[in-house]
Amino acid sequence: MSLAEWVNFPSLGDERGSLVALEANQTVPFEIKRVYYIFATQQDVARGYHAHKNLKQVAICITGKCRMIIDDGKVREEVWLDSPTKGLLINDLVWREMHDFSKDCVLLVLASEHYDEEDYIRNYDEFIKIVGA
Ligand code: T46
């Protein structure tokens with residue numbers, strides 16, 4: 001079974017161009033408490049390398065693309081985020097790594113909780129112990 005859960009956002013485009021609406025508890029399956037975006041990532045830089053204890057996120061590449069690795073301790077999967085109408089739902093206790101950012105990549109992330117450094121699991125061995133894999 002695939003680990004990757006996608007949320008497809010309808011493109012409300014017309015002859016002027018495109019528009020996507022992100023609505024809490026509707027197109028986005030949780031209450032949004034925080035929004036951040038990653039941009040101007042340097043070439044050959046990888047980010048992430050952590051999991052969260054209690055955090056749901058939807059990640060959308062609104063411009064450009066990047067490759068994401070998601071891993072629940074049993075399944076490790078690689079996906080490309082490359083569409084402004086496609087969000088990757090990342091649940092609790094999923095290890096994530098982001099690689100191969102295109103120069104123009106803007107990765108928008110909607111989060112179910114406020115920022116809390118205590119929620120991060122930054123050591124892979126500790127993550128594997130916690131998920132009991
Ligand atoms: C995730 C992936 C997709 C804050 O102060 N507030 C915030 O909301 C965030 C997300 C980060 N920060 C600070 C903490 C660090 O000093 O910004 C700095 C960079 O954060 P970090 O190294 O955690 O960034 P990434 O790209 O490795 O991971 C981020 C998110 O932290 C993480 O939750 O899932 O993007």
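Tutor: We will go through the pocket, the ligand and a sheet in turn. This is a predicted model, in which local features need pLDDT of at least 70 and side-chain atom pairs count only at pLDDT 80 or more, while totals for chains, interfaces and linings use all residues. Residues are numbered from 1 along each chain as its sequence is written, and side-chain values use heavy atoms, with hydrogens and water left out.

Student: Which residues lie nearest the centre of the largest pocket?

Tutor: On a 1 Å grid over the protein atoms alone, a pocket is an open set of points where a 1.4 Å probe fits, with protein on both sides within 12 Å along at least five of seven lines; lining residues have an atom within 4 Å of a point. Here 15 residues line the largest pocket, and Tyr-36, Ile-38, Gly-48, His-50 and Met-98 lie nearest its centre. Strands are DSSP runs of E, at least two residues long, numbered from the N terminus. Two or more lining residues come from each of β2 (34-39), β3 (47-52), β4 (57-63), β8 (95-99) and β9 (106-111). The largest share, 4 residues, is from β3.

Student: Which residues are closest to the ligand?

Tutor: A residue is near a molecule if one of its heavy atoms lies within 4 Å of it. The ligand is surrounded by 13 residues, and the closest are Arg-34, Arg-47, His-52, Arg-96 and Tyr-120. In this shell, too, β3 gives the largest share, 4 residues.

Student: What is the order of strands in the open sheet?

Tutor: Two strands pair if DSSP finds at least two bridges between them. The open sheet has 5 strands in the order β6-β5-β8-β3-β10, with antiparallel pairing. β6 (76-81) and β10 (120-121) are at the edges with a single partner strand each, so one side of each has no neighbour in the sheet.

Student: How many bridges join β5 and β6?

Tutor: Strand β5 (residues 66-71) pairs with β6 over 6 bridges, in the antiparallel sense. Ile-69 is opposite Glu-78 in β6.
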